[in-house]
Amino acid sequence: MQSAGLVLISVLWVSGIWGAVAAWEAYRRGKSWLSVAWGAWIAHSVALGGTVGLLLYVLLGHRYEFHYAWAHGSRQLSTEYITAALWEGQEGSFLLWMLWHTVLGWALFIWKDAHRWALLAGLLAINGYLATFLLGATVPVWVVALGGALLWGLWAAGNLPLWARIVGAIVLVGSLLIGSFWIKAFLILVVLLLSGIKRIPFRAVIGAIALLLLPTGGSWGSFPFLYVWEARSDVPVGFIPTDGNGLNPLLQSFWMVIHPPVLFAGYASAALPFWEGLLVVREGKLTTESSRRLLRWLWLSVGLLGLGIALGAYWAYETLNFGGYWNWDPVENASLAPWLVLAAAAHLIWVWRRTRQGTALALGFSLLAFPLVLYSSYLTRSGVLSDSSVHSFTDLGLGDWLLWGVGISVAGIAVLTIQHRSRFSQEGFVMLGRSALASGAVLLTGLAGLLVFLTSLPVINKLLGTNWTLGSKALQVYYEWMGILTVPVLVLMGYALMRAYRARGWEVVLWLSGAALSAIIAGLWIAGWDLVYHPSYRSLLESPNWINRLRGAFFLLLDDLLWGGALIALGGALAVLVQRKNGRHIWAVLAHSGFGIMIIGAILSSGYEKVLSQNFNPRSPGSSDNLFLLRGGTTVALGYFVRYEGLVEPVPPIRDVRPVMSERGQTLWRFRDSLGLLYQIWVPDGVLSQGGVFHPVSLPSAQVFIENNLAVLPIEPADRRYRYKVQLTTLDSTRTYPLWLEADLSESSGLLAHPAHIRLWHGDLYVHLTSLPRTEGNPIAQGILSLSIGDTVQWEDLSIKFEKLTEVENAPHPTFRAWLVAWKGIPEMAQRLPVEFVIREKEMLTPTAGLPSLGLSVALESISVKEGKLNFRVALRRRPDSFITLKILYKPFIGLFWGGILLILGGSFGAMWHHTRHRIHSV
């Protein structure tokens with residue numbers, strides 16, 4: 001199977017590179033290359049489908065001898081989560097990315113796109129590049145240098161004189177072998193200058209730059225079909241784990257199944273305006289037809305990438321407990337920056353269609369988004385953000401290769417621009433003073449640039465050896481700087497839309513927006529809302545330093561300006577909607593009004609949220625904004641009684657009982673209770689039938705056994721999320737809201753709480769756990785048990801017996817096993833655990849042994865020879881429910897935020913559909 005994977009990935013790589021050449025020649029020369037291009041495209045599609053299918057088979061078939069299946073899959077995961085494990089790892093996510101490129105390629109044929117072979121050449125080139133990350137091969141530098149220089153001299157530089165090819169090949173070989181960064185940078189600058197002074201073929205220029213930027217000396221990617229013992233040196237050859245690590249608990253969500261595929265669809269679609277734009281630059285003329293084609297691809301990418309970002313924000317709001325939907329995480333920012341550039345490019349192309357001005361500016365922004373997509377992948381996958389982002393992958397040596405892709409795409413843009421600069425108008429900056437829409441688009445790109453700069457601080461630190469960081473003020477910095485630029489963007493949204501569709505009444509929109517803003521602020525003040533957006537601004541306003549007070553007043557004013565800008569954007573859209581009757585404006589109205597509504601919803605739900613769980617009891621252990629509740633207890637929050645009823649336990653009768661896996665003489669059984677919740681339990685295969693306890697040798701007997709002993713068996717939720725029952729009741733007792741607050745108790749990261757939501761017409765109640773009974777921040781009970789042979793002790797809720805001590809024969813050093821027996825509730829459920837230790841040169845070595853079914857781990861701490869006892873260090877994962885502390889937030893009118901996003905997406909996809917209707921088919 002590993003050989004099959006190697007063959008498939010090799011075909012994938014070769015067909016991607018060769019297919020790109022064949023498809024481009026088919027576009028240029030027509031029928032003579034069509035059969036070759038078709039063959040390469042079909043081979044590439046089959047190889048990609050085979051690779052994805054084989055990796056899915058490895059995951060779904062529980063083939064844990066393969067490292068990818070062991071690292072990301074598990075028998076305990078449901079089918080949809082095992083499928084999602086395909087794109088949890090880096091290798092699988094690259095395959096997903098390539099799969100979307102292939103889907104888009106086939107869609108070009110279905111649409112009978114006139115430029116399908118040219119665009120297909122670009123998609124195949126990217127797939128060939130991405131397939132490099134799956135090779136896992138280490139190629140010597142001299143092989144890369146000689147092979148690359150030979151390929152450049154014979155093919156890329158084929159139109160140059162022989163002496164130029166020879167000299168160029170020698171220079172390239174020498175620079176690659178020497179490997180000096182400064183020499184390569186100097187040579188790249190020389191190549192760019194020569195391409196501008198003398199017309200050198202594009203293929204020769206970009207080929208030379210590609211070789212000079214090429215990472216050398218490391219591994220080419222990570223092969224996804226490595227065996228466990230090949231990926232990990234500590235695993236003996238031939239060892240096959242019985243189960244895998246499974247998905248991270250935070251990723252075991254419905255949103256993991258749909259969010260990454262949609263986001264990667266957005267990333268993949270960004271390649272279409274990039275290659276379409278390069279075609280326009282190469283042909284030297286932006287036409288009505290090509291501008292419509294660019295708009296089609298730009299709006300498709302804006303819609304898909306925007307949908308992926310929106311799903312990620314909703315996932316964060318539904319699952320994470322930081323209290324919002326956007327945390328300015330570096331990887332979140334890295335996906336938002338290309339979206340802003342794509343939206344800006346679409347608006348600039350629209351302006352060009354109206355004015356025939358700003359060609360270079362419009363094309364430049366259309367080409368910029370794809371390099372930003374590659375750069376965002378670099379930030380995610382290089383490990384450079386490992387200390388500042390929860391989304392970051394560990395470094396698999398792919399960072400340099402991703403930067404290579406960024407460099408090549410930027411170099412391609414630069415070379416084509418230099419070589420064809422005389423064909424395009426240079427009046428872009430003059431146009432900014434005449435077109436409000438163009439000015440707003442440039443400001444959107446400014447927002448993207450600011451995001452990229454702040455997000456790239458770890459990269460800058462790595463390059464310059466500095467230590468710049470935003471630290472605890474990251475959210476404040478992002479709000480301040482992004483807010484300053486967002487205000488004029490919002491104002492221009494309203495004004496430019498009215499100008500574009502010749503709507504009258506701009507002064508009326510300004511007056512009505514001002515009146516609405518005054519009414520809103522007055523209403524909030526009368527209702528007692530705190531108008532200071534962030535606590536840090538309050539400290540600035542109360543500072544004795546007049547500069548700090550001025551700064552605090554400015555950013556308090558910024559909040560009002562955002563309000564006003566959003567109202568102007570919404571008012572401008574409504575003015576166009578009322579005055580224009582032909583319907584061509586509807587998609588622009590939807591998107592622009594949606595942006596204004598989204599900003600209003602963000603200000604209300606984040607800037608004016610209220611903490612309802614204020615703790616006014618000075619004797620309560622809870623903090624000032626957390627409620628402390630004992631099991632069965634009731635307390636008061638602002639506007640509600642809050643009652644805690646305890647941990648949700650399985651309720652009989654049970655159903656859908658089935659075995660999942662067997663390991664070390666025990667079987668994992670899963671079942672659903674009467675509430676439909678999925679639970680699991682490990683049952684030893686040797687349980688005896690006595691005293692009403694049945695031997696689970698079949699499904700009926702297992703069901704009877706589990707159901708009769710639900711109260712004492714170590715049952716846990718199958719998704720490892722413990723649910724705590726809480727009720728919120730209005731103070732007048734007219735409405736009661738039952739909630740299940742979920743918590744994953746992870747030994748590595750402690751409490752991972754998932755919020756619950758109460759949807760009200762005027763906002764959401766956002767409720768989540770903040771703490772549970774635990775020891776020093778970790779829900780693990782720890783202790784030392786001193787036992788002689790035959791001793792039985794009660795510890796926590798377990799019974800533990802020291803059964804016997806045996807010696808391991810034929811071991812190189814004296815090796816012993818202390819056999820412990822542990823059970824919970826009934827002795828018939830006892831499980832044996834050998835704790836092994838080695839005596840070597842007056843030193844005792846002992847690994848930790850464990851019973852995962854009980855959450856118990858044991859290691860030998862020491863030996864008390866005089867007392868005849870062994871001292872065991874034990875740890876047990878608790879399932880605490882004696883008390884909880886929770887936080888309740890009220891997020892007013894958050895529905896406006898989500899509604900605004902839906903309008904933006906509707907406008908984007910609608911604009912794409914509008915321009916697709918007018919597409920021009922090939923003959």
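Which residue just after α15 takes a positive phi? In this predicted model, Arg 356 does, with a phi of about 60 degrees.

## Helix α15

Helix α15 covers residues 330-355, 26 residues in total. From the first C-alpha to the last, α15 reaches 37 Å, close to the 38 Å expected at 1.5 Å a residue. At the start of α15, Asp 329 places a side-chain oxygen within 2.9 Å of the backbone nitrogen of Val 331. Beyond the other end comes Arg 356 with its positive phi.

Of the 26 residues of α15, 22 are buried, so the helix is largely enclosed by the rest of the structure. Buried here stands for under 20% relative accessible area.

## The five-stranded sheet

Five strands form an open sheet in the order β17-β18-β19-β20-β21, and their pairing is antiparallel. The edges are taken by β17 (792-795) and β21 (843-845); each has a single partner strand, so one side of each lacks a neighbour in the sheet. On average, and with direction ignored, neighbouring strands of this sheet are turned by 30 degrees against each other.

## Strand pairs within the sheet

Val 793 stands opposite Ile 800 of β18. Two residues lie between β17 and β18, which form a hairpin. In the turn, Glu 796 has a positive phi of about 55 degrees.

Strands β19 (residues 815-823) and β20 (residues 831-840) also run antiparallel, with eight bridges joining them. Ala 818 has Val 835 in β20 as its bridge partner.

How values were computed
Residues numbered from 1 in each chain as written. Predicted model: local features only at pLDDT ≥ 70, side-chain atom pairs only at ≥ 80, totals over all residues. Heavy atoms only, no water. Pairing = 2+ DSSP bridges. Helix = DSSP H or I, 4+ residues; strand = E, 2+ residues; numbered from the N terminus. Axes fitted to C-alpha atoms, helices over the stretch in contact; angles between N-to-C directions. Expected span 1.5 Å × (residues − 1). Buried < 20%, exposed > 50% of the residue type's maximum accessible area, 1.4 Å probe, protein only. Polar contact = N/O pair within 3.5 Å; in protein donor to acceptor, adjacent residues only side chain to side chain.
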